[in-house]
Amino acid sequence: MEHYGGLLVFGPNIVASEGDEWKRFRKIAAPAFSEVHWLSNVTSMPSLMLSIQRNNRLVWDETSLIMLDMFDNVWGDQKEITTDHCVEITLQVCP
């Protein structure tokens with residue numbers, strides 16, 4: 001856990017938590033990552049399920065491209081990146 005302490009700059013989160021706090025975060029976040037959850041809610045609308053899958057894929061693909069660009073063109077070969085506030089990084093992720 002000591003390796004994840006730096007993530008607390010983003011506030012309490014699932015990655016930098018343990019025990020009951022982790023369980024609470026997991027319970028809240030799990031449905032968003034579960035196709036079973038989506039399928040149970042849209043079984044009568046298969047086209048909506050396909051749309052959700054495409055949107056999830058689009059968000060993942062675009063976020064990956066943005067982050068790879070930041071590694072290649074913003075941070076370069078820096079061994080360490082520091083920031084006073086996480087918004088300096090996360091705002092760049094928003095298209």
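This report describes the fold, surface and selected residues of one chain.

The model is predicted, so local features need pLDDT of at least 70 and side-chain atom pairs count only at pLDDT 80 or more, while totals for chains, interfaces and linings use all residues. Residues are numbered from 1 along each chain as its sequence is written, and side-chain values use heavy atoms, with hydrogens and water left out.

**Overall**

The chain has 4 helices and 0 strands, in the order α-α-α-α from the N terminus. Helices (H or I, at least four residues) and strands (E, at least two) are DSSP runs, numbered from the N terminus. Of the 95 residues, 13% count as buried; buried means under 20% relative accessible area, exposed over 50%, and partly exposed in between (1.4 Å probe, protein chains only). The accessible surface comes to about 7,900 Å², and 60% of that belongs to carbon and sulfur atoms. Accessible areas come from the Shrake-Rupley method with a 1.4 Å probe, and for residues only the protein chains shown count as cover. Among contacts with a separation of 6 or more, 16% join residues 24 or more positions apart, where contact means heavy atoms within 4.5 Å.

**Around Ile14**

Ile14 lies in the segment before helix H1 (19-29). Not counting residues up to four places away in sequence, Ile14 touches Trp22, Phe25 and Arg26. Ile14 also belongs, with Tyr4, Val15 and Trp22, to a nonpolar surface patch of about 340 Å². Patches are made of residues with over 30% relative accessible area and no salt bridge; like charges are joined within 9 Å, nonpolar side chains (Val, Leu, Ile, Met, Phe, Trp, Tyr) within 5 Å. A salt bridge is a side-chain nitrogen of Lys or Arg within 4 Å of a carboxyl oxygen of Asp or Glu.

The charged end of Arg24 sits over the ring of Phe25, 4.9 Å from the ring centre. The rule asks for NZ of Lys or CZ of Arg within 6 Å of the ring centre and within 35 degrees of the ring normal.

**Thr90 and accessibility**

Thr90 is placed in helix H4 (residues 87-93). Ile14 counts as partly exposed because its relative accessibility is 31%, and Thr90 is partly exposed at 34%. Two C-alpha separations are listed below.

| Pair | Apart in sequence | C-alpha to C-alpha |
|---|---|---|
| Ile14 and Arg26 | 12 residues | 6.7 Å |
| Thr90 and Met67 | 23 residues | 9.9 Å |
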